[in-house]
Every structure is written in structure tokens, then in C-alpha cells.
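Thank you all for coming; I would like to walk you through one structure, and I ask you to keep the view open while I talk.

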Amino acid sequence: SKATVSVLYCLNKNIKMCFSCLEENEQLLITSCNGERSVENGPGVMCYGPCSSTESRGALVLGTGEYSIVMNDEFGSKKSFYGPSVVWMNEREAVVHSGTCPNLTAQQYITITDGENGTVKNIVGPSLFKPGPYDEISPYKKVYNLAKNEYLRIKDQEGKLRIEVGEQRVVPDPLEEVIGGVQCGVNVDEHHCVLVRNTDTGSLVQISQLGLFIPSKYQEIVEVQEKIILEEYQTVVYKDKTGKFIYARGDSELRNFFLPPFCEIVKQEWSTDLRKEHTSVDLVWKFDRRPSYMNYEFNCRTVDNVELCVDVSFFWSIIDVPMLVEKTADAPGDTCTHARSKIIQEVSRIKLLDFLEKFNEIIRGACIDDPFYEERGVDLISVEVLRFKCASSETDAILQDIIKETADRLKKKERQKGENEVALSRLGGEIEEEKMKKELIELKKSHLKTEARIEGEAEAMKLVAFMEKTTGKDTATMDLDKAIKMFLMLRKLDSVEHLSKGSNQLMITPNDVNLSVGQIFPTTKDDKGF
């Protein structure tokens, strides 16, 4: 609040005086007419001359953790005040800075530069630092807590280097510089090694000893290398320090290796766009010797001035990597470009209809067995036309009609061919059926003959047995004629018995049978009673 000023007159002496009312923590700075300054501290009523100028200012009220720097303009000196406190400044003092004291945690520190004598020191937490009047405070810095696989590279004020390796807590000296921050060591194993530059000698060393690698103070990690592992069908090419090409194949002993120092992998940019114009490329450094497919599109023109857009598929493989590396930098691009040149020459000699009839033969004849590919380490195994069309839409419509007519004609031919094959198959089936019927009849006749022979043999055996029993010497016998008649009569009885078991009717006349009552067959007794 501002002091309340009132003007009163002294009645006895006719003297004019000024008064100001000051509150708590309020100070009045009075400057007299001759330039002298003085201060009055509140609370209270302060009296001063009418020719004096005044300025009301508050006392410095500092809380916990606060500070102010006050400068005396009489001596040019500074001093600091810290809270909690109330500070009354004299007439020659003024506040030049106020702030909060740095409150440091256990993971923080600051660097203090004394502006009076130039000394530098670190203040490490946890602590509440009270700055002096001439202290310059750096921003908060974080303490370096290093793990087992971490390290710091530190340079002191004289330019000397040192390495601090974890596990530890590191606070660099005020004039030291941390180069590169916290860095991790490299785990060297079967598939990883480290390429290191010795800055004191300039040499380049490959570290492949298994374990955690932490560089020394004069070592810099140039690269962490991964072991090159090749399949049976892969080849890698690299240049040694003399510029000589070294070839590593997957089917040789040098199939797993780290790239030696001062060596460089040979890489090629292969075109991958459909027209092989090098608008999109793949960076190739492992050369695959397996056969693979590659599509290519280009334009050509027939002798009757029809421009065609042809899409072909090449089946190709790498057969000689050294020759490929030496002769070309883009094997797919060179292969397709040369094939296009040959195909254009062949197509320019024929008409469109001839191309439609034998386009695959024309394309293969232009590309296959060309020494150009073998000279570049490539084998062009086969070429197939995937599709083609006319570059002009009107001509392409006519071409589509021609193709449709040709397709319809081929379709009809195939349909007729199929019908003929069906008819021939049906006829062949009938012929086979007749042959089988013939074989069946012959087989049945053979079976009937066999049955008749077996039945005849059975009847003959019956007859022989009957005759032996009826005309034998060891038993009662009859003469041969009677025995034959008796056998025939028994067969007739068998026939009658067979007929009687069925529903058949037999019409006979008296002349067809010879029947008698009382005996089956008329006979006369012989001397033995038979």
C-alpha cells in the first residue's frame, strides 16, 4: 500500500511539514532537496520536509527456499538474503535478483561458477543450495548411473581422455566434458564382431573375442558387424584393401565370415520396374544362383505397322558370378534390354497375323541360344509370352475380334474332335462287347462239353458197375441181354419219377410203354430161381 501523505502547518512558526502513514513491512525512501537519501520503516507516521521526494517500497519477505540478492550502489557490493526472513534494506540498497534456491534430488547436480574469483564447483544432491551473491548457477544436470554394460568417455580441461565403466555413479568434474553421453558396450558373440579405430595410431582393428567389449580411451567403435552367413546357392563379392574382388560361395569353406577391415561389399542396383527403366531398383549384394522368373513389358512393331505392347516372362539364372560382376551392373536390365532388341528385329519382319499364329516360337527364337547372356554370366532358360495387345485402342479392338474368331474356330475344332473321340470310343466299346460275347459263348460251350463228358463218364461208370454186379462170377448173375434190358428199364423209371415230381403232363400211347401187372419186367425163372 502506498503511504498516506498529508500536509500540516505549524501555526506558531508557520512551518509547512509532510507526513506519511506506513503499514507493516512497508518502507519509505526519502530523498531530500539536497539529494540525500534516508529510509523510514513502518508501521507508523513519518514526517519529512515539503521539498523532499518519497518512494514507498515493501520490505523483502522471503519464504522457505527463497533468496534475494541486494546491491549497494554506494560501494558496488552485493549480498544475499535467505528465507524465511524479512529484510529491511537501507537507502543505498536495491534488489537485483530474486529466486528460489535450487532443491537437488539424489540424481541431480549443478555447477556453480563464482563470478567474483572465477572458481567452479559442483553441488551434488540431495541438498538445498543457497546461492551466493556472485554465483552463476547452471541448469540442472543428471547424475550418470552406469550399468554393467555402459561407459562414459570424459575429456578434462587439459584435453586428456578417460573411460568410466559401470557399475558406478559418476559426476564429472565442473571443467570436464562428457563426449557422446552414456554409451553401451558391444556383446561380441558368434554372429557379431566390432570394428574399432585406434585414434592414437590410426589403425583399424576387428575385435572378435567373445564377451562384452568396452573400448579404451583411444578406441572408437566404427561399426558393429554381423557375420555373413551364406546359403548353398548364394555368392557374396567384396573388394579387399588393394581393390581385388574376393568371391565367397555358400558351397565352399568360406561360407560364414566377418568382413575384414578395409574391405567393402560389392553391391549392384538391379531394376525391378516392369519396363526395366531403372525407376525402381533393389540393392543386391547376395547373388542368388537359383533359377527365377522375371516379367518384362515393351513395345514392338510388325511389318504391317501395327504397334504391339508385349508382356513376357523370362526364366533365368546366374551361372557365373565373377563374369556377371565384371560385365554388368544391372543383370536384369541388360538381359531384358538385349532381348527386347532381338525381339523387335524379329517382329519387324512378320505380319500381325503371322505373329498371332506363332508368337511364342518367334519370341523364343529371338532370345534363346544367344551368346550375349552367357558372356555376362547369365543363362536364359526359357521365354514365354504372358499377354500382348495393340498400342492403339482401335487396332486392339480389331485384334480382339481376330483373337475371338480364332478362339471360336479352335473351339469348334476341339468340339468336333471331342465328338469324334466319343464316337470312336463308343464303337470301340461295342467291338469289345462283341469280343467278350464271343468269348462267353465259347466258354459256355466248353463248359457244356465238360459237363457232358463228366455226365457220360458217370453214366458209363454206373453201367459198368451194374454190369459187373449183374453178370459177375462171385454173385448171382443173369445173362447180358437181360441185364441190359433191366438197366434200360431202370432208366425209364428214373425218367418217370423225375416227371412225376413236376407239374408236367406226359401223353403216351400203349405202344410207347410195356406194362404188366404183378411184375416190373416179364422173366422166367432159371434153374437157380432167378
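Predicted model: local features only at pLDDT ≥ 70, side-chain atom pairs only at ≥ 80, totals over all residues.

Residues are numbered from 1 along each chain as its sequence is written, and side-chain values use heavy atoms, with hydrogens and water left out.

Strands here are DSSP runs of E with at least two residues, and helices are runs of H or I with at least four, both numbered from the N terminus. Please find strand 19, residues 150–155, which is largely enclosed by the rest of the structure because 5 of its 6 residues are buried, meaning under 20% relative accessible area with a 1.4 Å probe and protein chains only.

Two strands pair if DSSP finds at least two bridges between them. Strand 19 pairs with strand 22, residues 177–184, in the antiparallel sense over 5 bridges, and there tyrosine 151 has glutamine 183 as its bridge partner. Strand 19 is also joined by 5 bridges to strand 20, residues 161–165, again running antiparallel, with leucine 152 opposite glutamate 164. In the hairpin of strands 19 and 20, where 5 residues lie between the strands, glycine 159 takes a positive phi near 90°.

Which helices each supply at least two residues of the lining of the largest cavity? They are helix 2, 331–347, and helix 5, 371–375, and the largest share, 3 residues, comes from helix 2. A cavity, on a 1 Å grid over the protein atoms alone, is a set of points where a 1.4 Å probe fits but cannot get out, and lining residues have an atom within 4 Å of a point. Among the lining residues are Thr328, Phe372 and Arg376.

Notes:
Buried < 20%, exposed > 50% of the residue type's maximum accessible area, 1.4 Å probe, protein only. 1 Å grid on protein atoms, 1.4 Å probe; cavity = no way out; pocket = protein on both sides within 12 Å on 5 of 7 lines; lining within 4 Å.
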